[in-house]
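Please read the briefing below next to the sequence and the 3D view.

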Amino acid sequence: MDSAAQSYQHRSLSIKLWPPSQSTRLMLVERMTKNLTTPSIFSRKYGLLSKEEAEEDAKEIEDVAFANAAQHFEKEPDGDGSSAVQIYAKESSKLMLEVLKRGPKVKDDGELVSEKAGSTAETVFDISGGRRAFIDGEEAAELLKPLRGPNSYTKICFSNRSFGLDAAHVAEPILISIKDQLKEVDLSDFIAGRPEAEALEVMTIFSSALEGCALRYLNLSNNAMGEKGVRAFRSLLKSQYNLEELYLMNDGISEEASKAVAELIPSTEKLRVLHFHNNMTGDEGAVAIAEIVKRSPALEDFRCSSTRVGSDGGVALAEALGACKHLKKLDLRDNMFGVEAGVALSKVIPAFVDLTEIYLSYLNLEDDGAEALANALKESAPSLEILDMAGNDITAKAAASVAACISSKQFLTKLNLSENELKDEGAVLISKALEEGHGQLNEVDLNTNSITWSGARLLAEAVVQKPGFKLLNINTNFISEEGVDELKNIFKNSPDTLGPLDENDPEGEDNDYEAEEDDEHDELESKLKGLGI
């Protein structure tokens with residue numbers, strides 16, 4: 001082992017992970033407060049905490065978790081503190097879940113409320129279970145029987161059942177009778193296999209029956225609608241002023257269909273979730289979607305992945321997203337943005353102070369686009385948990401910027417830089433960024449990056465001691481057979497956390513395990529000297 005490697009190993013073993021700094025403790029409290037005040041499946045059932053109550057609970061949770069972890073650390077003062085950090089994290093998560101399930105303790109007037117605030121009456125009517133099937137009028141009458149007469153349903157889900165005309169006519173008067181109480185409607189995949197003319201008529205019947213209901217959630221995904229289908233839902237869409245979540249995934253949303261959506265929905269002021277995954281949107285369609293985004297200042301979760309959007313459409317979407325100051329999750333994967341759209345997106349990234357997840361894989365960003373985005377993210381999104389920049393032809397040239405970004409994201413749980421061209425030089429920079437902190441990291445993916453044993457070893461050593469770490473994927477690289485054995489030895493105490501290496505190519509370039517190792521490390525170390533992370 002050369003002196004550089006020995007020095008690196010020594011530094012890794014000397015790191016003390018406990019106790020956390022005061023700023024880290026305060027950041028955890030802030031993060032838990034945001035989680036406790038963010039609408040979720042728990043808040044729908046138990047109620048949403050006010051910011052004041054959430055802050056009080058978060059401080060109490062952190063105090064208890066810190067005390068328990070500190071007590072544990074006192075029993076192992078010679079350890080690096082990793083087990084204390086793990087207890088700190090687990091205890092915080094457990095107590096936060098208890099608070100979410102408890103719900104708000106007080107109303108605005110101070111009156112105590114029960115843990116299961118609200119009525120115990122059933123509110124969700126869901127016929128999506130079981131096998132996917134066509135249903136006729138007789139079957140629809142039987143399935144929808146619970147909706148007849150007085151009921152407390154506020155959400156209906158007809159997904160996974162294909163309605164024909166007879167079934168639609170049975171559903172029509174029932175929907176009219178309950179539409180004033182409905183808040184959530186899921187009509188995803190409800191006309192599968194029907195001829196176009198029949199499917200359009202069924203959609204029109206449902207649209208007319210539900211016209212005027214004040215929905216917060218609408219899912220029309222997996223219906224291959226196209227423009228005709230969107231316009232078949234005209235009556236329903238035109239009457240929606242309070243939508244908070246809208247899903248139009250895998251719907252054949254073309255340029256014209258996108259324009260129809262933008263035209264028909266009268267207001268998106270309250271919209272928090274907008275998903276357009278897997279459509280035929282294209283650049284002109286993206287411009288129409290951008291108009292919707294501009295009118296959605298409350299947007300928290302935007303997905304426009306696999307929509308055939310190129311550079312012009314990417315720039316339009318990026319500029320529109322600048323109006324979304326509350327964005328938490330951004331998914332633009334699998335489009336043809338290119339460098340220009342990547343740079344445009346980097347200019348609005350600073351607006352996303354609450355961003356926790358960003359998916360930018362397969363966007364043709366190349367080094368210039370990746371560097372611009374990494375530099376922007378480094379100075380913003382302090383609570384980022386997931387960073388995905390796979391498949392963008394990123395080389396070692398941009399690795400320093402990406403590494404600096406990673407180093408600043410101490411809440412990172414998942415990092416995906418697979419299918420790039422980072423090679424050993426880039427891998428070493430990334431491992432250096434991951435070396436200290438990142439106590440919540442659980443997955444790192446750098447498969448298919450032309451990495452040899454030199455880079456693979458440092459990546460392995462950077463993550464193997466992380467508490468709660470689950471997977472390092474460095475498959476499909478150029479690691480020698482001896483290197484593979486050494487990797488398995490590094491992970492001997494947690495073999496499941498090292499991903500498969502069955503597609504690794506030990507005969508790939510730069511695969512000499514010993515002869516070139518010293519030279520490579522000397523070169524890489526010299527490049528690291530001037531790097532500040």
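Threonine 448 is found in the loop between strand 14 (443-445) and helix 18; helices (H or I, at least four residues) and strands (E, at least two) are DSSP runs, numbered from the N terminus. This is a predicted model, in which local features need pLDDT of at least 70 and side-chain atom pairs count only at pLDDT 80 or more, while totals for chains, interfaces and linings use all residues. Residues are numbered from 1 along each chain as its sequence is written, and side-chain values use heavy atoms, with hydrogens and water left out.

**Threonine 448**

- Threonine 448 has a relative accessible area of 28% and is partly exposed; buried means under 20% relative accessible area, exposed over 50%, and partly exposed in between (1.4 Å probe, protein chains only).
- Apart from neighbours within four places in sequence, threonine 448 is in contact with Glu419, Asn420, Asn475, Thr476 and Asn477, where contact means heavy atoms within 4.5 Å.
- From C-alpha to C-alpha, threonine 448 and glutamate 503 are 9.4 Å apart in space, and they are 55 residues apart in sequence.

**The chain as a whole**

- The protein chain has 20 helices and 15 strands.
- It has 533 residues, of which 55% count as buried.
- Among contacts in the protein chain with a separation of 6 or more, 85% are between residues 24 or more positions apart.

**Helix 18 and helix 19**

- Two packed helices are described by the angle between their axes and the distance between the axes.
- The axes of helix 18 (residues 453-463) and helix 19 (residues 481-490) come within 10 Å and cross at roughly 5°; axes are lines fitted to C-alpha atoms, for helices over the stretch in contact, and angles run from 0 to 180 degrees between N-to-C directions.
- Helix 18 and helix 19 are therefore roughly parallel to each other (angles under 35 degrees count as roughly parallel, over 145 as roughly antiparallel, 65 to 115 as roughly perpendicular and the rest as oblique).
- On the helix 18 side, Trp453, Ala456, Arg457, Ala460 and Glu461 meet Gly483, Glu486, Leu487 and Ile490 of helix 19.
- By class, this contact of helix 18 with helix 19 has five nonpolar, one polar and three charged residues; Ala, Val, Leu, Ile, Met, Phe, Trp, Tyr, Cys and Pro count as nonpolar, Asp, Glu, Lys and Arg as charged, and the others, Gly among them, as polar.

- Helix 4 (residues 51-74) has 24 residues and reaches 34 Å from its first C-alpha to its last, close to the 34 Å expected at 1.5 Å a residue; the expected span is 1.5 Å times one less than the number of residues.
- The buried residues of helix 4 include Ala54, Ala58, Ile61, Ala65, Phe66 and Phe73.
- Helix 2 (22-36) and helix 5 (82-102) are among what covers the buried residues of helix 4.
- In helix 14 (residues 338-348), the buried residues include Gly338, Ala341, Leu345 and Val348.
- The cover over the buried residues of helix 14 includes helix 13 (311-321), strand 10 (329-331) and helix 15.

- Serine 431 lies in helix 17 (residues 423-434) and counts as buried at 1% relative accessibility.
- Leaving aside neighbours within four places in sequence, serine 431 is in contact with Leu458, Leu459 and Ala462.
- Glycine 313, in helix 13, is buried with a relative accessible area of 0%.
- Not counting residues up to four places away in sequence, glycine 313 touches Asp283 and Ala286.
- Glutamate 371 is in helix 15 (residues 366-378), and its C-alpha is separated by 5.5 Å from that of alanine 398, 27 residues apart along the chain.

**Positive phi values**

- Most residues other than glycine have a negative phi, and most peptide bonds are trans.
- Aspartate 189 has a positive phi near 50° and lies in the loop between strand 5 (184-186) and helix 8 (196-210).
- Asparagine 278 has a positive phi of about 55° and is placed in the loop between strand 8 (273-275) and helix 12 (282-294).
- Aspartate 189 counts as buried at 12% relative accessibility, whereas asparagine 278 is partly exposed at 36%.

**Cysteines**

- A search of the whole structure finds zero disulfides, a disulfide being a pair of cysteine sulfur atoms within 2.5 Å.
- Cysteine 157 is buried at 7% relative accessible area, and cysteine 405 is buried at 1%.
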